[in-house]
Amino acid sequence: MTKTFKFAIATASALALAACGGNDAGGGAARDQIKAVGSSTVYPFAKAVSETFARSNPDFKSPIIESTGTGGGMKLFCAGIGPETPDISGASRRMKASEFADCQANGVTDIIEIQVGLDGIALASAQGGITMNLTPKIVYEALAASPYGGEQTNKNWSDVDPSLPNQPILVYGPPSTSGTRDALKELILEAGCKTNEDMKALKESDEDRYDQICTEVRSDGGYVDQGEQDNLIVQKIEGNPNAVGIFGYSYLEENADKVQGLNMNGVAPTYENIANFEYPGARPLFIYVKKAHLDAIPGLKEFLGQWTQMWDRGGELAKIGLVANPEDVRERALSAATNYDTLDGSEL
């Protein structure tokens with residue numbers, strides 16, 4: 001398909017969106033409220049922004065916010081443009097080059113990327129429950145399906161390291177469709193796997209095998225996929241003092257009376273440690289927006305503006321666990337949210 005032909009399709013789709021998405025007096029609007037999908041980690045922040053937006057802008061309908069997971073949200077977002085597709089997708093990792101290509105192929109050619117803040121992948125247990133000083137290496141050896149290519153024989157934490165509790169490894173975590181799972185793989189599991197020199201060499205010779213060994217999670221009951229609702233993970237570990245949960249830092253802060261963070265490399269998952277990247281599990285959070293929808297969906301521009309009023313340190317989102325961007329990143333995010341800067345794909 002030629003670039004000219006794809007551009008023609010995208011232009012025609014945008015015109016169709018504008019035609020049916022307008023808020024005309026005849027009641028012909030196909031959709032007159034914002035629709036956002038995506039990451040379960042971004043979800044509570046998007047909900048908070050949505051609620052404030054609705055109170056501050058009574059002329060607009062309250063946005064629809066759905067938690068579909070980062071990967072699931074990207075599929076919906078990249079399916080095309082038009083009122084039947086979402087305007088925004090939240091992501092707890094950056095858009096992949098393959099997802100960008102899917103978007104382009106389906107006419108989603110102008111994509112605004114906004115880094116709304118930072119989060120941390122927290123490992124936690126119930127208040128008064130199991131405590132451990134963890135490292136990426138320990139977590140990898142405890143959770144990998146095939147540690148360093150060998151058989152997974154670790155049943156108890158003490159099997160991984162004698163200094164750890166002699167308790168069964170039981171970790172509740174996110175599913176494969178979650179951006180939290182992607183970040184767990186990249187920031188913790190792979191980091192632990194790469195402590196082995198043979199794995200470093202394998203990456204050079206067989207990257208697919210390397211990815212499998214370093215990021216595939218055990219399925220024998222030591223790791224339990226708990227779905228896209230991080231609150232369920234909180235409930236699971238609250239009810240079992242020997243269980244460990246993996247979720248975004250915001251859920252740790254929100255449930256500080258119920259759960260406690262576990263140190264990684266001797267560093268606690270706190271706001272300050274995530275903001276300065278001392279904590280190994282620190283990661284950026286994003287929203288992606290279709291530029292073609294900005295003038296067609298009532299309130300979409302104003303909704304982006306609402307994010308910018310709430311994401312600073314000490315702002316409303318910080319109160320529920322969002323870690324503010326460093327200043328230089330904040331300036332880029334503000335420009336994207338107000339000038340509607342778009343990706344060209346080379347950044348991914």
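A polar contact here is a pair of N or O atoms within 3.5 Å, where, within protein, one atom must be able to donate a hydrogen and the other to accept it. The model is predicted, and the values below are computed from it.

The side chain of Thr 41 makes a polar contact with the side chain of Thr 180, at 3.0 Å. Thr 41 sits in the loop that runs between strand E1 (35-38) and helix H2 (43-56). Is Thr 41 buried or exposed? Its relative accessibility is 0%, so Thr 41 counts as buried, the cut-off for that term being under 20%. Leaving out residues up to four places away in sequence, Thr 41 touches Ser 92, Asp 119, Thr 180, Asp 230, Gly 248, Tyr 251, Arg 283 and Leu 285.

Which strands pair with E8? Strand E4 (residues 111-126) pairs with E8 in the antiparallel sense, over 4 bridges. Within this pairing, Ile 121 has Gly 248 of E8 as its bridge partner. Strand E6 (residues 171-173) runs parallel to E8 and is joined to E8 by 2 bridges. Here Tyr 172 stands opposite Gly 245 of E8. In a regular strand, side chains alternate between the two faces of the sheet.

With a relative accessible area of 6%, Asn 255 is buried. The side chain of Asn 255 reaches the backbone oxygen of Tyr 251 at 2.8 Å. When residues up to four places away in sequence are not counted, Asn 255 touches Asn 231 and Val 234.

Next come two pairs of packed helices. Two packed helices are described by the angle between their axes and the distance between the axes. For helix H5 (residues 136-143) and helix H7 (residues 179-193), the axes come within 7 Å and cross at roughly 90°. H5 and H7 are therefore roughly perpendicular to each other, since angles of 65 to 115 degrees count as such. On the H5 side, the contact involves Pro 136, Lys 137, Val 139, Tyr 140 and Leu 143; these meet Ile 188, Leu 189, Ala 191, Gly 192 and Cys 193 in H7. Sorted by class, this contact has 8 nonpolar residues, 1 polar and 1 charged.

The second pair is helix H8 (residues 197-205) with helix H9 (residues 207-215), whose axes lie 6 Å apart at an angle of about 140°. H8 and H9 are therefore oblique to each other. From H8, Met 199, Leu 202, Lys 203 and Ser 205 meet Glu 207, Arg 209, Tyr 210, Ile 213 and Cys 214 of H9. By class, the H8 contact with H9 has 5 nonpolar, 1 polar and 3 charged residues.

Helix H13 (residues 300-308) is mostly covered, with 7 of its 9 residues buried. Which residues of H13 are buried? They are Leu 300, Phe 303, Leu 304, Gly 305, Gln 306, Trp 307 and Thr 308. The elements that these buried residues pack against are H2, strand E2 (64-65), strand E3 (88-91), E4, strand E11 (282-290) and helix H14 (327-339). E4 is also the strand that pairs with E8 in the antiparallel sense.

The loop between H13 and H14 contains Asp 312. Asp 312 has 30% relative accessibility and so counts as partly exposed. Neighbours within four places in sequence aside, Asp 312 is in contact with Ala 318, Ala 324 and Arg 330. From Asp 312 to Glu 327 there are 15 residues in sequence and 9.7 Å in space, C-alpha to C-alpha.

The last stop is Ser 346, in the segment after H14. Ser 346 has 60% relative accessibility, so it counts as exposed. The side chains of Ser 346 and Asp 344 are joined by a polar contact of 2.6 Å. Ser 346 and Leu 262 are 84 residues apart in sequence, and their C-alpha atoms are 37 Å apart in space.

Definitions and conventions: Residues are numbered from 1 along each chain as its sequence is written. This is a predicted model: local features need pLDDT of at least 70, side-chain atom pairs count only at pLDDT 80 or more; totals for chains, interfaces and linings use all residues. Side-chain values use heavy atoms; hydrogens and water are left out. Axes are lines fitted to C-alpha atoms, for helices over the stretch in contact, and angles run from 0 to 180 degrees between N-to-C directions. Angles under 35 degrees count as roughly parallel, over 145 as roughly antiparallel, 65 to 115 as roughly perpendicular and the rest as oblique. Contact means heavy atoms within 4.5 Å. Ala, Val, Leu, Ile, Met, Phe, Trp, Tyr, Cys and Pro count as nonpolar, Asp, Glu, Lys and Arg as charged, and the others, Gly among them, as polar. Two strands pair if DSSP finds at least two bridges between them. Buried means under 20% relative accessible area, exposed over 50%, partly exposed in between (1.4 Å probe, protein chains only).
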